Amino acid sequence: MKPAVTDHVEIKKYDHPTGGWGSLSSLIRKAYGEGLLMSGIWSTLLKQNKADGYMCVSCSWAKPAEPRPFEFCENGAKATLWDQTKLRCGPDFFARHSVTELLDWPDCELEKQGRLTDPLRYNAVTDRYEPVSWNEAFAEIGMELRRLDPKSVVFYTSGRASLEASFMYQLFARIYGSSNLPDSSNMCHESTSVGLPRSIGSPVGTVQLEDFSQCDMMFFFGHNTGVTAPRLLHPLQEARERNVPVFTFNPLPERGLKRFKNPQNPVDMLSPGPGTKMSSDFFQVRGGGDIAAMTGIAKAVLALDDAAREQGSSRILDIGFIAEHTHGFAEFEAYLRAAAWDDIVARSGIARPDLEHVAEVYSRSNAVIGNYGMGLTQHRHGTENVQMLCNLLLMRGNMGKPGAGISPLRGHSNVQGQRTVGISEKPELVPLDKFAEFYAFEPPREKGLDTVETCEGVIAGSVKGFVGLGGNFVRAVPETGLVEKAWRRLGLHVEIATKLNRSHLLPGAVTYLLPCLSRLERDRQASGDQTVSMEDSTACIHGSFGSRPPVSPNLLSEPKIVAELAKATVPDMSSIPWDKWIADYSRIRDEIERCFPQHFRQFNKRFLTPGGFHRDIKASKRIWETPNKKANFKPPTTLETDPDIDVSGQKVLTLITVRSNDQFNTTVYGYDDRLRGIHGTRMVLLMNEADIQRFGLTAGQQIDLETHADDGVERRVRGLRVTPYSVPQGNCAGYYPELNPLVPLWHRAKEAHVPAVKSVPVRIVC
Ligand SMILES: Nc1nc2c(c(=O)[nH]1)N[C@H]1C(S)=C(S)[C@@H](COP(=O)(O)OP(=O)(O)OC[C@H]3O[C@@H](n4cnc5c(=O)[nH]c(N)nc54)[C@H](O)[C@@H]3O)O[C@H]1N2
Ligand SMILES: Nc1nc2c(c(=O)[nH]1)N[C@H]1C(S)=C(S)[C@@H](COP(=O)(O)OP(=O)(O)OC[C@H]3O[C@@H](n4cnc5c(=O)[nH]c(N)nc54)[C@H](O)[C@@H]3O)O[C@H]1N2
Ligand SMILES: [Mo]
C-alpha cells in the first residue's frame, strides 16, 4: 500500500535565527523519529569532520585543523542519522512490493525504507527486484557491457564517492572504451569549471578557511548558507563579530544569511537576543539580475575612482595589480561606462543608491571574498555570472592575497575531488597520455557525454547503457517526463547505491541494484581497515575513516564493486592489479599521485594532516595558468542572465527551484522547511502578493504550472498551492526535484550545459 503523506499543511512566518534551539530540536526529533538514539551514534557524530574520524556525507565545506568538539551542523547530523538508520530495505521488502507499485510512492518514503542490504536483479516477469549473488551480478553486467558499444554506455557519478573509488571508476570506464563520465557537477558548478579557468586559470576557488578570519568584507551571491553549508556560518559569525560587512544578494530572504545563533556556544544560546545579524545588507535581487547588480557596483567603483583621480587622492582601482597581473581591463571599463543605470536598476531590482553604497564600502575594503552558489551557476549565462564576480574582485586586486579571493561553494562532499582525479567527459582535463603509458591501453580521446547530453542520448536511443556510482540521476535531471519514459529502453541499467530512489525504479532490459558501504562504515580488506580521502570546497584533501559496523554483511565497498566490474568487463587487463589495489587502498593513492603529481605529492604521507593538505592552486599565489598568463577581465555580453526569457505582456513568471531545510538534493527527509515556515507539503508555489493579485489568484488555491515554451513538449506539474512569500515580482519559487518536469533540456547554461533551473519560464494554469 502506498504510504500516506500528511495533509496537515501549515505556512507561517519564521522569525527566529538559524542555528539555535530550532536546529537542535529538529535534529533530536528526527533522531527519535528514526528510532536512532541508539548505541554508538552520538559517539559517531563526535568523529564527524575530525582528523581521526570521517568526513561528513553532506556538504563539502572545509574542515578546520582544530575542530570544535561538535564539528557538525544540523544538516550534517541529519545526513549521518539518515545514512545510519536502523531500518533495512532488503529482499523481503522487494518481495512485498512490485516496482510499478513503488513508482507511485513519494521520494521520501522510498529512502525511508532504510539501507539496501543485498545485490538485486530486476525480474520483468514478476516486476520485482530479486536477490542475486555478487558473482552472478558482476558476470552478467560484464557480459552485457562487452555486448554494448562502449560509446553508448554512460558512467555517471554523484559527488560522494571517495577519491580512491572515483579514480578507479574513471579508469575502468576509459579502459572499457568510454569517455562518457558525467557527474553531478554538470548540474551544479560546471559554470564555475568553465568560467574560472578563463578568468584566473583555476577551475576551483582560491580561498582557504584562514582567509575568512583575515577578510574585511564579503559578498554572498545566490547561496543558501544556513541550509546548504551551515558550518560556514561559524567563520561568518566570527567575521560579523569583527564588524566585517557582508553583502548578500538573493531573491529569497533566506534565514541563514539573516540571523544565526551558534548552537555550540552556550552564551550565544542562552542570551535572549535575536542572534547575530549575518548580512550587514541583504538585497533581494531579481532572479537572474546578478550581472546587472554587479555591473552597477563595478560602475560605481569606477565613478569613485574617477573622482579620486580628479581630486588627486589615492586611486580606488588597484592599478598596480591591474597593470601587472591582468588583461582586458580597457574593454571591461568601456563596458561599464556604456552600461545605463536605468537598465541596471530595472534588471537587478536594486536601487542605485544601494548599489553605490556597496561600491563605497567595497572601495574602502582591502581583503574581500566573493562567495557564491547555485543562484549564479544555474542560469543560461551562469558562466558570465561567475566571470562577472571575478571582474569585480580583480578591479581591486582581491585575488591571490590573504583574506581575499573567489569562493565557489561546492555541493556534494567530494564533487570537487572527483573532477581532480579524472572523472570528466572532457579529455583535455585528464592526463590520458599518462594513463596510456602507465596502464598499457589506448584511452578514448573524443569528448564524452555530459549530463544533459546523456539525457538527450537516452531520449534519442543512442545511449544504451547506464552505470550510476551513487546519485538519483533521473530525478535530478531536467525534462524528467521525457527522460523517465525513454529510460526503460536502456539495454543495461546498473546502480551502485545506499538507499532506494526513483531512478532505481526505471528498469531497462538488464537491471541491477548494487548496495555499497557508506563512508561511515568500516571497510575491511585484506590488509586491514581502510581509509579513504576526499577534497573539500577549498581544495584541501582529507582522510576519512569509517568505524561504524556495516549495516549488512552483504555489502561491498565502492572501490571493490568498481574493481570487480572492471575485472568482469575487461578480464585481460593484466596491467592493472585491481586485487592488489583493493587489498590496500594506499596503493590506489600511490597511483593517484603517479597520475596527478602536481596535486598529490606525498599523498599517503600527507592525507591524514589535520585540516587536510592544500592542493597547489596557483591563482591563490597570483600565478595565472591562463593561455596569456594573466588574470582576464571578461565583460559580460548581456545585463540579463537569462536574456531569452520573454515575459513582456504575458502571464509568465520565472521559476526558481530551491532546496528546503529538510532535504539533501533528491533525498527528502521530510516536509518541514522550518526556515521558510512551510510545513506539511512541498507542493507549493511561492509568489509575490502583487503577482497573486495580478493573476486573480488567492492564497492556498491549488494551481498547475506549465512551462512557457513553444517546442511542442507538454510540461506540467499539478496541484501546487499558491503561497504568498517575499519573492521579487515576476519571480516565483518552488522545490527541486518536484518541479524538474518543467525544465526543458535545452534550457541550460551556454557551453557549461548546467540546467538553468533558477530561471524557468512558467505559466499558471487554474
Ligand atoms: N542541507 C543540504 N545541504 C546541501 C544540499 C542539500 O540539498 N541540502 N545540496 C548540496 C549540493 S549538491 C549543492 S550544489 C549545494 C547547493 O547549495 P546552494 O548553492 O545554496 O543551492 P540552492 O539551495 O539550490 O540555491 C541557492 C540560493 O540561490 C538563490 N537564487 C536563486 N536564483 C538566484 C539568482 O538569480 N540570483 C541570486 N543571487 N540568487 C538566486 C536561491 O534563493 C537560494 O537561496 O548544497 C549542498 N549542500
Ligand atoms: N531543479 C533542480 N534540479 C537540480 C538542482 C536544483 O537546484 N534544481 N540541483 C542540481 C545539483 S546541484 C545536483 S548536485 C544534482 C544532484 O544529483 P545526484 O547527485 O544524482 O542526486 P542525490 O540526490 O544527491 O543522490 C541521492 C542518492 O545517492 C545515493 N547515495 C547516497 N550516499 C551514497 C554513497 O555513499 N554511495 C553511493 N554509491 N550512493 C549513495 C542514494 O541511493 C541516494 O538516493 O541535482 C541537480 N538538479
Ligand atoms: Mo550540486
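Me: Buried means under 20% relative accessible area, exposed over 50% and partly exposed in between (1.4 Å probe, protein chains only), so which residues of H23 are buried?

Reply: In this predicted model, where local features need pLDDT of at least 70, side-chain atom pairs count only at pLDDT 80 or more and totals for chains, interfaces and linings use all residues, they are Thr-451, Val-452, Glu-453, Thr-454, Cys-455, Gly-457 and Val-458. Residues are numbered from 1 along each chain as written, chains are lettered from A and ligands numbered from 1 in written order, and side-chain values use heavy atoms, without hydrogens and water.

Me: Why is H23 largely enclosed?

Reply: Helix H23 covers residues 451-460, and because 7 of its 10 residues are buried, the rest of the structure largely encloses it. Helices (H or I, at least four residues) and strands (E, at least two) are DSSP runs numbered from the N terminus.

Me: What do those buried residues pack against?

Reply: Their partners are strand S7 (153-157), helix H24 (473-476) and helix H25 (480-487), with contact meaning heavy atoms within 4.5 Å.

Me: And what comes just after H23?

Reply: Gly-461 follows, and it takes a positive phi of about 90°.

Me: Changing topic, what is the strand order in the open sheet of 3 strands?

Reply: The order is S1-S29-S28, paired in the antiparallel sense, where pairing requires at least two DSSP bridges between two strands. Strand S1 (10-11) and strand S28 (672-673) are the edge strands, each pairing on one side only.

Me: Which residue stands opposite Ile-11?

Reply: That is Ile-678 in S29, and S1 pairs with S29 (residues 678-679) over 2 bridges.
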